[in-house]
Amino acid sequence: MSETARFKLTLLDAAQAQKHVTVNEALTRLDALAAARVEDLALATPPAAPAEGDVYGIPGGATDAWAGQEGRLALWLNGGWEFTDASEGWQVWNAATNSRHTRASGAWVEAGPVESAGGAQTLFRIAEI
């Protein structure tokens with residue numbers, strides 16, 4: 001089967017049986033990835049009770065079911081982990097730190113100030129006290 005370039009959604013084949021299975025899997029994956037939200041980017045051990053659709057960024061030193069998947073996204077779908085690569089330039093909201101991160105040079109980098117060609121910067125943050 002072939003798949004889409006960005007989200008790796010499985011495409012239907014001509015005369016494929018049980019098309020609903022392929023479509024439902026693709027929609028579930030799209031639902032998890034299109035939200036651009038991860039639960040955590042620093043958790044190296046899979047959580048004990050993830051919720052359906054949770055997404056985690058896997059850091060170095062990952063253990064258990066995430067071992068060998070460093071740098072990838074882990075999606076909890078249909079009672080198990082699925083893994084996918086994050087493309088350069090993807091942005092996610094990290095719920096654990098309430099911050100935005102961008103995939104750059106193979107790593108998640110916290111979004112910093114926006115800078116103009118002349119060096120002027122703007123940075124927006126919200127702090128609740």
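The largest nonpolar core of this predicted model has 10 residues: Val38, Leu41, Val55, Leu73, Leu75, Leu77, Ala86, Trp90, Val92 and Trp108. A nonpolar core here is a set of buried Ala, Val, Leu, Ile, Met, Phe, Trp, Tyr and Cys residues joined through side-chain atoms within 4.5 Å, and buried means under 20% relative accessible area, with exposed over 50% and partly exposed in between (1.4 Å probe, protein chains only). Strand 3 (residues 72-77) contributes most to this core, with 3 residues. Tyr56, Ile58, Ala62 and Trp76 are among the 7 residues of a second, separate core. In soluble globular proteins, nonpolar side chains tend to be buried together.

A word on conventions: residues are numbered from 1 along each chain as its sequence is written. Local features need pLDDT of at least 70 and side-chain atom pairs count only at pLDDT 80 or more, while totals for chains, interfaces and linings use all residues, and side-chain values use heavy atoms, leaving out hydrogens and water.

Stepping back to the chain, you will find 1 helix and 9 strands, in the order α-β-β-β-β-β-β-β-β-β. These are DSSP runs numbered from the N terminus (helices H or I, at least four residues; strands E, at least two). Of the 129 residues, 29% count as buried.

Now to the charged side chains. The whole structure holds 2 salt bridges, each defined by a side-chain nitrogen of Lys or Arg within 4 Å of a carboxyl oxygen of Asp or Glu.

| Pair | N to O distance | Relative accessible area |
|---|---|---|
| Arg37 and Glu39 | 2.3 Å | Arg37 39%; Glu39 22% |
| Asp85 and Arg72 | 2.8 Å | Asp85 47%; Arg72 23% |

Asp85 lies in strand 4 (residues 80-85) and Arg72 in strand 3, so this pair ties together parts that are 13 residues apart in sequence.

Arg103, in strand 6 (residues 99-104), is worth a look too. Arg103 is buried yet has no salt bridge, and the nearest side chain of opposite charge, Glu88, is 4.8 Å away. The Arg103 side chain does reach the backbone oxygen of Gly106 at 3.0 Å. Leaving aside residues up to four places away in sequence, Arg103 touches Gly71, Ala86, Ser87, Glu88, Gly89, Trp90 and Trp108, where contact means heavy atoms within 4.5 Å. Ala86, Trp90 and Trp108 also belong to the largest nonpolar core.

Notes. Lys, Arg positive; Asp, Glu negative; His and termini not counted. Polar contact = N/O pair within 3.5 Å; in protein donor to acceptor, adjacent residues only side chain to side chain.
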